[in-house]
Structure formats: structure tokens, C-alpha cells
Amino acid sequence: MATSEKISAYERVQAARSSARPMGGHYIKHMIDNFIEFHGDRRFGDDAAIIGGIGFLNQKPVTVIAMERGNTIEERMKRKFGCPAPEGYRKALRLMKEAEKFKRPIICFIGSSGAYCGIDAEKRGQGEAIAENLFEMMGIKTPIISVIVGEGGSGGALALGICDTAIMLENSVYSVISPEGCASIIWKDSSKAPEAAEALKLTSHDLYDFGVIEKIIVESDRTTEEICSDLKSAIISEIFSKEKMSEEELLSARYEKFRKIGA
Amino acid sequence: MKGIFDFLKIGADKTEVLCKKCGKETSRAKLEENYMICPECGAYLRMGAYERLEMITDKDTFEESDKDLKGGDPINFPGYDKKLDEARKNSGLPEGVVCGTAEIGGIKCALFVMDSKFMMGSMGSAVGEKITRLFENATKQKLPVVGFTTSGGARMQEGIFSLMQMAKVSGAVKRHSDGGNLYITVLTDPTTGGVTASFAMQGDIIIAEPGALIGFAGARVIEQTTGEKLPAGFQRSEFLLEHGFVDIIEERRRLKYTIANILAIHKK
Ligand SMILES: [Zn+2]
């Protein structure tokens, strides 16, 4: 891959979507020791698009919530290509509340084209599930670190994105709408997606400049192992600094982090 | 009352209006008397924010806040400044939501009313900022909030700033709620996308107007991506009530009474 300066916004979108790109499950495997996966929202079912559970990050107990689209075709069907259903978001919130009770920090890995789009998802309140997460995550009393590792697609990504520190892998993207969707609505031409990607300012560097994220993990000229290890160090140091804050300071800083955007 | 009606074509003499749903003509005066409901077929016409305020609040009690707050062009999106100028000219509004305080049935509350005339009530930074300020002020003054939603979803010309308004407003709603204050949302046609996935669904009490389109994903998008045939009444108020996502469906002519009643029951 070319050096980071020469990559266009749309090339980053393609990199973020690449089927070879590691998603949440990969980071759990290589970062978390003794990981135990927990299933289900205790309401309706279990959503395989979100993996949730507990383990150790460098000997520290953590709760991890990760979007995962799978590797094989069968797995991708089962995981709905990583697009969470309402029960996925509700499972995530259930595990976050559990983390809060046992005073564990929470790590969220985000990588999905968006919330699952379907009749059943609407029936079970996709909008309500996301809204509930945004509302409740504003009040979770333990540190939340959200990492965008792939495509951060709209409200479906934000539902795991209310956090104290937002980290992006350099070639991940985070956007209110897909470039194709934007191009077809605004210019009635989805082939203008590359122009839309540019216009939407959805790269990690754009979002860092806007103050929407706090950290970028460099990807160019780095191996998958090096990226994972850099990310792990960054998460550890963020958790360390957030745990020094009182609950009140933590929640008020979280509020201000979002309050200042577009004020 | 100002009159711009999304579903109506104003006739040549400007006193007769055509209902797009049933195709019958009716007079403007009759329509206004009838709460902007077609007297012929009962269709609910979309209401402007000020018309809604006049219908819901006690006479001469509404005090508008942040009236002139306008959004900018945070990501320099091609053509957005021109689009904003047009939206302001066509709607007569500076932005897509009107905020303030008023009395309803003699009880003071804070109100926000979205207006679909302004870029389909899409969620830009100014919309998010106005609603956030409203909740912050209501929290300080311990006032209940009554919010009328109507929105096509995100304001994509504001990119990530549009998305982050969902988070920003949610934070303010949470603080208002933690203060023990009441929040009533009234979902009107259409309430979709990011607004549904944030403050529309965060009310303590969620009321919907009959027949309103309420959902997260667009129906056409669902049909295209899944190939499934949409059931009759999909994403309408009645569908949401059946699946447990709204407290009440209330007729427009009874809305003020019902809201006043809920406020009275919560009066501290
Ligand atoms: Zn009619």
C-alpha cells in the first residue's frame, strides 16, 4: 500500500471494507487473554454480528463488545455480514451494565456497514435499540474505549461509539452515510461514490482534525501484528488515564466530548 | 397561521386546496378548523412548527429561544450553502426546529417542534445544538420537555457532525432524565433514521399521531436489500404500537388535552 498521504478517501473506504481486513474477533483473539464469550440479550435472542464477553487485557479484567462479520461465507451469513440487529445492541448494553456493576472498563470494536436493515429488525425496534444505547452509555460509570477498526457506518456504529476515548485505525472510516448512498441521494448517481467519499470527510485524519476522535493508529508500512500491538498499548494507556478520574469527572468529560461537536 | 402543506397543492384561487390522498378539494379555512386533517378522507396533513405550537400551547404563552441560531457548513460540502439558502427561503425558517417554553393546560414546559419544510427535518448541527440547549435549560429549570419529531434522518451534507448530534442530544436527554424530569415525545409523520434512533425514542412517554411513518431504515431500502415484501401498515404508528414501541396513538384533536393531562399527573 502507498504511503498514507497518497491514499484517497475512497481507497480508504475500500481498505476499511476489504474482506481480508481483520474485524473485532481478530482483536479479541490477539489482545484479550482467557476470553469468554457471553450470548444473548435476555429478551429475544443472540445476535452473532456482535461478540461480547469478558477477559484480561494485560492482567486487567475488561468487558469487550465487538462487531464481527466472519471469514467464511457460512460464517458471514450467520453474522449477517457484521450488521447488528436490535438484539445485538441490547446484548451489548446488557454486558456494559454488567461491566459497570463489576467496575470493569469496556472496549468496543466497531466495524460494520451499519445496523441490520430488515423487516424483523424494524419490528423489534432497531431505532429504539440504538437510541437506548446512546442514552445509557452516556451514564455508564466505567471507562469506555471505542475503536473503529473497519467501516464505521452511521447510527449502527455510533450505538457502540459513546465513549471516553475514540480511536481509529488509520484506514478505517466513520461516516453518517455510505459514499454510495450519499452519491445516489445528492447526485442521483452512485458511481460518484469516490467524490462523495472525499466530500463526506470520513477518514481518520479528517475526524481527528474535527476533534471527533482522539487517536489514530498508523497502518501504513505496519504489519497486522504491529498494528494490533500498537492498538493494545493505546487502549491500555487510555484505560489507565481514565481510571484515574472520579466517576463524576469521567461522565462529565464524556458529556463534554460530544457536547462540543457542532456547538 | 402560516400555510405551506407538503401534501397539498394550492388551487388557482388559493382558497381551495387539494388533498393528495383522496384527490378532493376543500377550503383552507375548513382545513384549519379541522386541525389540518382532510375533512373528506381523514388524512393527517403535515403541520409546520408554528402551526403546531399554536395548536398545542396556551394562547400567548410561547416564548421562543435561539430563534436565529443557524448552522454553518462544517465540512464544506459541495452546494450545501446554496441548498441552505433555498431551504431558508422556501420554508421561511432559519433551521429545521423551533424551540422555546410555553404553558400547556396552564403547566409550564419546554418544547421543541421539528419542521419537515426545512430540508425534511434533517438533523444538522444547528438542530442538534438547539435541542441540546433546550434540554440543558429544562434541566436547570426543572421543566418537563415536550418534543414533536418529524425527520427524514441525517443531514448528510454535514457528514460526521450530523451523526454526532445524535450523541450530543442523547447526553442532554440523559441529564434531564437523571434530574427526575419528564420527557414526552410526539412522533409525527415522518420520523425516521437518526432521529428515531436517538431522541424520538428516548421519551419517558412516547405518543404517536395516527398513521405516521416511524422507523429506522427506509422502507424502500429494506425492500431492495432483502427482497422481502413489506407487510401492510409497515412502519406506521399502529405497527409500532402493536410491537410495543409507543405508549399511545392519539388523535390530533385530542393531543393537547392528553399532553396537558400527562403534565398534570406529573406536576411536582
Ligand atoms: Zn383527503
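Student: Leaving aside its neighbours within four places in sequence, with which residues is Arg76(A) in contact?

Tutor: Contact means heavy atoms within 4.5 Å. By that rule, and leaving aside neighbours within four places in sequence, Arg76(A) touches Ser19(A), Arg69(A), Gly70(A), Asn71(A) and Phe81(A). Please note that this is a predicted model, in which local features need pLDDT of at least 70 and side-chain atom pairs count only at pLDDT 80 or more, while totals for chains, interfaces and linings use all residues. Residues are numbered from 1 along each chain as its sequence is written, chains are lettered from A and ligands numbered from 1 in the order in which they are written, and side-chain values use heavy atoms, with hydrogens and water left out.

Student: In which element does Arg76(A) lie, and is Arg76(A) buried or exposed?

Tutor: Helices (H or I, at least four residues) and strands (E, at least two) are DSSP runs, numbered from the N terminus. Arg76(A) belongs to helix α3 (residues 73–78) of chain A. Buried means under 20% relative accessible area, exposed over 50%, and partly exposed in between (1.4 Å probe, protein chains only). Arg76(A) has a relative accessible area of 12%, and therefore counts as buried.

Student: In what order do the strands of the open sheet in chain B come?

Tutor: Two strands pair if DSSP finds at least two bridges between them. In chain B, seven strands form an open sheet with the order β4-β5-β6-β7-β8-β9-β10, and the pairing is mixed. Its edge strands, β4 (63–65) and β10 (248–249) of chain B, each pair on one side only.

Student: How do β5(B) and β6(B) pair, and how do β6(B) and β7(B) run?

Tutor: Strand β5 (residues 97–104) of chain B pairs with β6(B) in the antiparallel sense over eight bridges; Val97(B), for instance, stands opposite Met114(B). Two residues lie between the strands of this hairpin, where Gly105(B) takes a positive phi near 60°. By contrast, β6(B) and β7(B) run parallel and are joined by four bridges. Phe112(B) has Gly147(B) as its bridge partner in β7(B), and Val113(B) stands opposite Phe148(B).

Student: Why is β6(B) described as largely enclosed by the rest of the structure?

Tutor: Strand β6 (residues 107–114) of chain B is so described because seven of its eight residues are buried.

Student: Which elements make the β-α-β unit?

Tutor: A crossover is right-handed if, with the strands pointing away from the viewer, the path from the first strand over the helix to the second runs clockwise. Here β6(B), helix α4 (residues 125–141) of chain B and β7(B) make a right-handed unit of this kind.

Student: With which side chain does the side chain of Thr149(B) make a polar contact?

Tutor: A polar contact is a pair of N or O atoms within 3.5 Å; within protein, one must be able to donate a hydrogen and the other to accept it, and residues adjacent in sequence count only if both atoms are side-chain atoms. Thr149(B), placed in strand β7 (residues 145–151) of chain B, makes such a contact with the side chain of Thr191(B) (3.0 Å). Thr149(B) is buried, with a relative accessible area of 0%.

Student: Which residues coordinate the zinc ion?

Tutor: Donors are N, O and S atoms within 2.8 Å of the metal (3.2 Å for Na, K and Ca); water is not among the atoms, so sites may look incomplete. The zinc ion is coordinated by the SG atoms of Cys19(B), Cys22(B), Cys38(B) and Cys41(B), at 2.2 to 2.4 Å.
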